Amino acid sequence: MKLYDKGVFLVNGTDLVEDTPKAAEILKTKTGEDFTSEKAKTQTIAYRILKDHNTSGNMDKLQIKFDKLTSHDITFVGIIQTARASGLEKFPIPYVLTNCHNSLCAVGGTINEDDHMFGLSCAKRYGGIYVPPHQAVIHQFAREMLSGGGKMILGSDSHTRYGALGTMAMGEGGPELVKQLLGQTYDINMPEVVGIYLTGKPEKGVGPQDIAIAIIKEVFANGFVKNKVMEFVGPGVENLSVDFRIGVDVMTTETTCLSSIWKTDDQVKEFYDIHGRVDEYTRLEPGQAAYYDGMIELDLSTIKPMIAMPFHPSNAYTIEELNENLLDILEDCEKKAQVSFNGTVDLNLKEKVRNGKLYVDQGIIAGCAGGGFENICDAADLLDGASIGSDEFTLSVYPASMPVYMELVRNGAAAKIMAAGGVMKTAFCGPCFGAGDTPANNGFSIRHSTRNFPNREGSKVQSGQIASVALMDARSIAATAVNKGYLTAATDIDVNYTKPKYFFDKKIYENRVFDSHGNADSSVEVKMGPNIKDWPKMSALTEHLVLKVVSEIHDPVTTTDELIPSGETSSYRSNPLGLAEFTLSRKDPEYVGRAKEVQKAEKVREDGGHPYEVLPELKDAVDVILTKFPDADEKNTGIGSTIFAVKPGDGSAREQAASCQKVLGGWANIANEYATKRYRSNLINWGMLPLLISEGELPFANGDYIFLPNIRKAVEEKNSDLTAYAVKNGGLTEFHMTLGELTDDEREIILKGCLINYNRK
């Protein structure tokens, strides 16, 4: 794999020409035309799609309107509640509500099913589409029924990626979907486009997860594609089936890219034809000379079966490399666990070594990445006539949709898996975030799913429970199952992959999916369960701001799962106050209590009282502030909390990573860098200041107060550079932070306190 960190021209779809002083001459010879980088930038697939959806008339400052929207059942309640508070009357474009995350109803209660009924009633009232639980995971339904060549889809799940089908899709926090529902736009600067130039053909037994993990390993840490569009081109694309391309594509989220797009061909046309939507096919390919801001050149034949060890998809090795350096790599993972869990619980992976081999407790093939037809058929061929054994090792397979499941039953693949001892389950995203197949304490699970972050498999560190996940391709998971749990690469087993043809049967969706066909029925009452709560009142930004630092995180990256845990919190995603109780619970259990103390003081201030009565320590800080800023009083100076994290926001698009802080009185984050655009956008849409401070400069600590004078004026006047003061040792220490670039609408959202206030009628 070769990375070009400077511009590269792709000529006639096959030749790479680096952007050097000689490039113009080479391009003239190859094309007969004069090409500059600016002209050639308009020749990428990504540019053309973005141009078709941009409403600003300025291709540097995009204002995008999407063709379709999609959400699942841990996000659509909050999104629709926000839009309802802003006067929503009808979904203006197709909006699909799937139910694949909270599919398991709460034990002894009705919480999750209430959310489903809320979704169905809203689909009827506002003119949407409702996919019942167990029918399809969000992204498989989108591939089958929503995608279209040259179209754009916005989803409230981070893995909203349909580039392999010619659809540019983006995963964002819920407020960005609210904007689309209210006729507003998705505002970004024109992103850079990085070409992924594929050649060769994968070795037999190598699957899409292997290719994806290899790419993630190369580009995550260096930020090579961060907030950029990945455009897959080159002759190697044709050597991949559409299912294979989809499997690679969905994992691009883990590179921190903004979106992805692939050139399309007759195989993609056949996909649409199989699904009865051949009219949605559009042939997409770069122009005669397309300019990419960076390039990754990858010979597919060089990729070996991969494994991404705990606790990130980029912590990757070939399976061969892991087996050769087993104890050293396992010890490294154990050390990383000590950092991730602050030394509160021990992960012991070395005990998994038996007779020099790594023994695995669990294998799972599931979700938007693993549950595809081809993945499961290949796994079934490996398992045909085998036995997974009767020891600890278990195998679960979750087809990504009911039509896929039905075809696996018809062609016998499901029977092969079940006869070997595997368990077939319905479409469900739970194994990806700790709500299904949770391992035993210290269990080690290999999964063809999307993430293996700390805590994501169900660990409860506070209770002394820990487990870990490694990501692998379905084929190598099946090979490991054949060897009864001993880690094995699929290339080590000789098998005849039968590659059966896929037949899509739409009867299931016709019988079960509610489709309003865009017709809204205002007579339908929205069904509100007792756990579905409105967003609490949020205040506008005050003239000055006093912030208390209530958590300080120095990990290199902080995931959204650490900011608000997944898994057991899912049942509270429709209850802002209930969910907020879990904020940072696995990373900093003291956070909620500290934040609430500050919030009490602010509520007293807003009610005209004296905040010192509930937070006595605040008086000392304010007395110091008044020595330099005597005009800062209880009427014009808000009191809020903030956290510092080096690089927060990697992973999920869930808006709750930000909204939970806001619900608890948070008014800012302070970071050296934000891991993703979508997390920063979530902060802004919830009225929180996305503050940046230079790396290595930290004039405050957890528990300190920070004063931001004239912060409202700074936002109003578009001042990015802010002067702040840390209250320390009886004095004020001046330091500087920045807000980064904000659109006019984003500034107004922050000034008004949140997107709800901005849109409220």
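Let's begin with charge: how far apart are the mean positions of the positive and negative charges of the chain? They are 3 Å apart. That is for 80 positive and 103 negative charges. Keep in mind that this is a predicted model.

Now the overall fold. The chain has 28 helices and 34 strands. The C-alpha trace spans about 80 × 65 × 60 Å along its principal axes.

Next, packing and surface. Of the 761 residues, 63% count as buried. Take the contacts with a separation of 6 or more: 76% of them come from residues 24 or more positions apart. The accessible surface is about 26700 Å². Carbon and sulfur atoms hold 47% of that surface.

Now zoom in on helix 27, residues 744-752. Which of its residues are buried? Glu 746, Arg 747, Ile 749, Ile 750 and Leu 751. A reminder on geometry: an α-helix has 3.6 residues a turn, so residues three or four places apart point the same way.

What covers these buried residues? The cover includes helix 7 (174-181), helix 25 (677-685) and strand 31 (689-692). Helix 26 (711-716) and helix 28 (755-759) are also part of it.

Last stop, the end of the helix. Gly 753 follows helix 27, and its phi is positive, near 110°.

Key
Residues are numbered from 1 along each chain as its sequence is written. This is a predicted model: local features need pLDDT of at least 70, side-chain atom pairs count only at pLDDT 80 or more; totals for chains, interfaces and linings use all residues. Side-chain values use heavy atoms; hydrogens and water are left out. Helices (H or I, at least four residues) and strands (E, at least two) are DSSP runs, numbered from the N terminus. Buried means under 20% relative accessible area, exposed over 50%, partly exposed in between (1.4 Å probe, protein chains only). Contact means heavy atoms within 4.5 Å. Accessible areas come from the Shrake-Rupley method with a 1.4 Å probe; for residues, only the protein chains shown count as cover. Lys and Arg count as positive and Asp and Glu as negative; His and the chain ends are not counted. The place of a charge is taken as NZ of Lys, CZ of Arg, CG of Asp or CD of Glu.
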